[in-house]
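Here's a quick briefing to read alongside the model. Have the sequence and the 3D view open as you go.

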Amino acid sequence: SSDGYKAFAKKVEAVATKAGIPVKALGSKSGDDAAATAYAAWVESAAVADASADVAALQASATAALDKHLSKTGEQVRGEHAAALAALQKKLDAAKGAPWAAKFQADLQNIAWFDAAVAANPAVGPKASA
């Protein structure tokens with residue numbers, strides 16, 4: 001082994017040690033099962049840590065979205081809903097004659113019927129046979 005290789009190996013060892021990678025696993029050519037097992041365990045623990053961090057980030061994002069939504073009053077939600085429907089209606093008017101626009105318009109009428117049925121009797125709501 002050359003001096004350059006030895007210097008490189010020392011740098012690799014330092015990086016591996018800093019990252020928590022079992023150093024023996026990096027250069028094991030002898031079929032050392034203990035080193036391979038240690039490396040496999042490290043890879044698995046790193047994957048679990050990454051997955052746990054991803055889940056925590058998703059939980060935080062979902063909690064923030066839910067908190068934001070639940071903090072709105074019913075009037076705010078109805079206002080946002082009305083604004084979204086108005087914007088959608090403009091798009092439907094612009095696409096008049098398109099098959100998707102006709103189907104979407106029919107869906108909006110069904111939603112309007114459902115909303116009216118719920119508003120008429122909130123305790124019971126619409127009947128399935130209607």
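Is Ala101 buried or exposed? Ala101 counts as buried, because its relative accessibility is 6%, under the 20% cut-off for that class. Keep in mind that this is a predicted model. What follows starts with the whole chain and then works its way back to that alanine and its neighbours.

**The overall picture**
- Of the 130 residues in the protein, 9% are buried.
- Take the contacts between residues at least 6 apart in sequence: 3% of them join residues at least 24 apart.

**How H4 and H5 meet**
- Helix H4 covers residues 74–94 and helix H5 covers residues 99–120.
- The axes of these two helices come within 10 Å and cross at roughly 150°, which makes H4 roughly antiparallel to H5, given that angles over 145 degrees fall in that class.
- The crossing of H4 past H5 is left-handed.
- On the H4 side, the contact is made by His81, Leu85, Leu88, Gln89 and Leu92.
- H5 brings Trp100, Ala101, Phe104, Gln105, Leu108 and Asp115 to that contact.
- Sorted by type, the residues of this H4–H5 contact come out as 7 nonpolar, 3 polar and 1 charged.

**Back to Ala101**
- Ala101 sits in helix H5 and is one of the residues that H5 puts into the contact with H4.
- Leaving aside residues up to four places away in sequence, Ala101 touches Leu92 and Ala95.
- Leu92 is also among the H4 residues in the helix–helix contact.
- Leu88, another H4 residue in that contact, is 13 residues from Ala101 along the chain, and their C-alpha atoms are separated by 10.0 Å.

**The aromatic pair**
- How many aromatic pairs does the structure hold? There is 1, formed by Trp100 and Phe104.
- The arrangement of Trp100 and Phe104 is edge-to-face, at 6.5 Å centre to centre with 85° between the planes.
- Trp100 and Phe104 are about one helical turn apart, because 4 residues separate their positions in helix H5.
- Trp100 has 46% relative accessibility and so counts as partly exposed.
- Phe104 lands in the partly exposed class too, because its relative accessibility is 36%.
- Both Trp100 and Phe104 are also on the H5 side of the contact with H4.

Note on methods:
Residues numbered from 1 in each chain as written. Predicted model: local features only at pLDDT ≥ 70, side-chain atom pairs only at ≥ 80, totals over all residues. Heavy atoms only, no water. Axes fitted to C-alpha atoms, helices over the stretch in contact; angles between N-to-C directions. Parallel < 35°, antiparallel > 145°, perpendicular 65-115°, else oblique. Left-handed = near helix turned anticlockwise from the far one by under 90°. Contact = heavy atoms within 4.5 Å. Nonpolar A, V, L, I, M, F, W, Y, C, P; charged D, E, K, R; others polar. Buried < 20%, exposed > 50% of the residue type's maximum accessible area, 1.4 Å probe, protein only. Phe/Tyr/Trp six-rings, centres within 6.5 Å; stacked < 30°, edge-to-face > 60°.
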